[in-house]
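Please look over the sequence and the model shown here, and then go on to the notes below.

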Amino acid sequence: MSFILLLEQIFNGLQFGVTLFLIAAGLTLILGIMDFVFLAHGAQVMIGAYAAASLTALTGHFYLGILLAIPITFASGYLLEYLLIRHLYRRNHMDQVLATFGLILFFNELIRIGFGPAALFSSLPPSLSGFVNILPDTPYPLFRLLVIAVGLACALGIHLLVSRTRMGAMVRAGANNETMTAALGVNIRVLRRLVFAAGACLAGVAGMMLGPLTAVEPGMGEPLLILSLVVIIIGGIGSVRGAFIAAILIGIVDTMGRVLLPVILRSFMGQAAADGAGPALASMMVYILMSLVLVIRPTGLFPPKG
Amino acid sequence: MRNFTIAALAAAALTAGPAMADTVKVGYMTTLSGSAGIIGKQMQNAVNLAMEHTGGTLGGQPAEVIFVDDQRKPDVAKQLANRLVKSERVDVVAGVIWSNLLMAIHKPVTRSGTLLISSNAGPSPLAGKDCHENFFSMSWQNDQTPEGMGKYMEEAGIKSVYLMAPNYQAGKDMMAGFKRHYTGEVAAEVYTKLGQSDFQAELSTLRAAKPEATFVFQPGGMGINFVKQWHQSGMDQVSNLYTVFTVDNLSLPALKDTALGVISTQTWSPDMDNEMNRRFVADYKAQFGGYPSFYAAQAYDTMMAIDHAVAKAGGADTDAMRAALAAGGIPTTRGSLAMNTNQFPIQNVYIREAVLDADGVATTKITGTVFENHADVYAKDCSF
């Protein structure tokens with residue numbers, strides 16, 4: 001494998017990683033800080049993709065579609081918290097699993113009723129469908145570079161928000177000791193709602209960026225939900241920094257596994273056996289990594305302090 | 001007293017018997033829920049359209065179609081098949097999209113003496129050693145379509161091809177069928193994860209390998225993902241794309257002009273010029289807004305085959321219907337269909353290209369015939 005191809009694959013892994021991070025960032029806060037088991041986060045990805053694809057078709061402008069879709073995903077998260085989630089905080093984890101699993105089915109069926117079971121058309125505007133040479137004579141899709149840039153910008157934004165602002169301090173304080181924070185005059189209920197809506201919005205942005213790349217169809221977020229749960233576990237539940245590092249790690253391990261494992265296996269076993277075992281082993285890589293991390297550090301790589 | 005009641009009921013049932021037996025009952029199994037629900041929906045539409053075209057009858061007899069949703073699960077399919085055969089007492093079980101589901105219901109249905117007609121799946125065991133006189137295919141044997149592509153690319157003088165398919169049985173069957181008629185160099189054979197949504201890593205590797213041609217089998221949503229990303233990565237400049245069951249009238253509405261020019265092989269296309277197909281496509285588009293896919297056409301053909309069999313048999317008698325179907329000459333959207341000794345169709349395999357129609361809607365058009373009256377290779381292993 002040449003250096004150029006290796007570099008290209010690292011970019012592919014990075015792009016997959018930042019997408020996972022956008023989904024996992026909100027989820028790790030909901031799971032770790034709010035101590036709430038939320039399984040319907042994949043639905044937020046789907047809502048984001050559908051909102052962007054249909055608004056782009058409606059307005060005829062890709063950027064306008066995205067711009068209008070962002071507040072919609074925020075509002076959907078806000079409303080969901082207000083209508084349902086806040087009643088579940090005091091329930092045990094099993095109730096939360098049941099209720100939010102039900103939400104997955106509910107949202108998938110809602111989308112199917114509203115938009116039909118077929119995949120929605122979504123594509124890139126000409127201005128974004130070009131290529132950039134990341135090295136001389138190495139074209140890379142411009143939109144995928146943009147996904148990496150948006151993902152990194154979001155990561156930096158979340159980091160600054162949580163560690164440098166008053167709002168972030170309240171979120172961290174609320175996580176440490178909820179009763180004490182509330183006693184100091186912080187409206188913990190509103191704070192939770194905002195964190196939840198922001199998480200939904202980030203997952204929605206991931207969906208918007210996946211829309212032009214993959215099929216926009218009911219249930220499109222579920223495979224990503226499982227991977228983002230793995231990200232959270234590896235990173236340490238509740239840690240945004242851990243989620244970022246774990247997401248990039250998973251993105252690169254998954255990509256490299258898919259590309260390199262069949263080649264490596266072929267060097268010491270038959271072609272047919274390697275073709276069978278390669279993809280099977282590659283799809284296990286992420287979970288093997290998770291098991292290893294859990295053996296060495298049971299609370300994840302960066303468990304939040306406190 | 002109790003015995004008398006049962007006897008009376010039995011007598012009543014007997015007198016009512018002839019009128020009841022006149023109704024031809026068809027159990028139609030497909031996937032109506034989950035992400036593959038769109039395929040089942042199209043098949044259901046086509047079956048309903050067929051019944052509309054026959055005036056609600058099959059072979060001139062009053063008819064009833066019972067739809068069941070297999071949820072793409074073999075265990076559910078088996079349960080439903082037993083229910084259709086034992087409690088609904090249907091004359092024919094038809095439909096079935098997936099090979100693994102068809103394998104699960106094959107024995108329970110055929111052994112009960114009920115006819116089983118596949119509208120899609122065509123696994124090799126059922127065409128060869130495990131064939132059964134009560135099983136018919138109104139679609140194709142899995143290998144037939146990729147075999148056509150292998151022959152086409154061989155004749156086009158393509159020296160090197162890169163193969164890509166999901167890592168499951170049908171994926172491997174498709175690639176095996178392709179290689180049966182293609183003797184050139186296979187640059188690489190890559191198996192991806194079933195249900196994979198992002199192929200960018202595989203495409204980067206493919207770009208570096210620079211094969212003259214790429215042959216892909218990625219059905220359903222995977223096909224939409226693959227073709228989109230192929231286009232976005234500018235792969236058209238690197239290699240020529242050939243597909244089976246990837247670019248069709250199910251994926252084209254989501255792909256639009258992204259897939260234009262992609263070459264596939266298939267046994268049917270909406271532009272096939274015969275009376276039944278013209279009527280089917282025109283009425284389907286008028287009623288359901290959009291082109292039917294090959295799944296829909298095969299579902300329609302299945303109902304037409306039952307209609308033909310009941311008419312020739314003069315009723316829903318299993319032996320007579322079986323003889324009528326085995327004799328071939330079945331009127332379908334693919335023209336008059338001949339049956340092989342293993343009761344799979346002997347049919348043409350066409351080259352299709354993704355094009356825009358007169359209204360600017362993406363569809364497929366036949367540009368040539370690779371195989372005329374093509375039979376599958378497994379028929380020789382089949383004896384009833």
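Two strands are said to pair if DSSP finds at least two bridges between them, and the helices (H or I, at least four residues) and strands (E, at least two) are themselves DSSP runs, numbered from the N terminus. This is a predicted model, in which local features need pLDDT of at least 70 and side-chain atom pairs count only at pLDDT 80 or more, while totals for chains, interfaces and linings use all residues. Residues are numbered from 1 along each chain as its sequence is written, and chains are lettered from A and ligands numbered from 1 in the order in which they are written.

**Strand pairing in chain B**

- Strand E1 (residues 24-30) of chain B runs parallel to strand E3 (residues 61-69) of chain B, and seven bridges connect the two; one of the positions involved is Gly27(B), whose bridge partner in E3(B) is Ile66(B).
- E3(B) is also joined by two bridges to strand E2 (residues 57-58) of chain B, this time in the antiparallel sense, with Leu58(B) standing opposite Gln61(B).
- The hairpin of E2(B) and E3(B) has two residues between its strands, and Gly59(B) there takes a positive phi near 60 degrees.
- Strand E14 (residues 345-356) of chain B and strand E15 (residues 362-374) of chain B run antiparallel and are joined by nine bridges, and Glu353(B) has Lys365(B) in E15(B) as its bridge partner.
- Five residues lie between E14(B) and E15(B) in the hairpin that they form, and Gly360(B) in the turn has a positive phi of about 80 degrees.

**Two helices of chain B**

- Helix H2 (37-53) of chain B has 17 residues and reaches 24 Å from its first C-alpha to its last, close to the 24 Å expected at 1.5 Å a residue, where the expected span is 1.5 Å times one less than the number of residues.
- Buried residues of H2(B) include Ile38(B), Ile39(B), Met43(B), Val47(B) and Leu49(B); a residue counts as buried if 20 or more other C-beta atoms, placed from the backbone, lie within 10 Å of its own.
- The cover over the buried residues of H2(B) includes E1, E3, strand E4 (92-95), helix H11 (275-288) and H12 of chain B, and after H2(B) comes Gly55(B), with a positive phi near 70 degrees.
- Helix H12 (residues 294-313) of chain B has 20 residues that should span 28 Å at 1.5 Å a residue, and its end C-alpha atoms are 28 Å apart, which agrees.
- Because 17 of its 20 residues are buried, H12(B) is largely enclosed by the rest of the structure, and just after this helix Gly314(B) takes a positive phi of about 70 degrees.

**Overall form of the two chains**

- Chain B has 13 helices and 15 strands; its radius of gyration of 22 Å is close to the 21 Å that the globule rule gives for 384 residues, so chain B is as compact as a globular protein of that length.
- The radius of gyration is taken over C-alpha atoms, and the globule rule is 2.2 Å times the number of residues to the power 0.38.
- Buried residues make up 56% of the 384 residues in chain B, and the C-alpha trace of this chain spans about 85 × 45 × 35 Å along its principal axes.
- Chain A comes to 11 helices and two strands, and its radius of gyration of 20 Å is close to the 19 Å given by the globule rule for 306 residues, so chain A is as compact as a globular protein of that length.
- In chain A, buried residues account for 46% of the 306 residues.

**Domains of chain A**

- An automatic or database domain assignment supplies the bounds, and for chain A it gives domain 1 (28-217) and domain 2 (221-306), whose centres, taken over C-alpha atoms, are separated by 23 Å.
- Contact, meaning that two C-beta atoms placed from the backbone lie within 7 Å, links 18 residues of domain 1 of chain A with 14 residues of domain 2 of chain A.

**Where chain B meets chain A**

- In the interface, 29 residues of chain B are in contact with 33 residues of chain A, and H9(B) gives the most to the side of chain B that touches chain A, with six residues.

Terms used: Buried ≥ 20, exposed ≤ 12 C-beta atoms within 10 Å, placed from the backbone.
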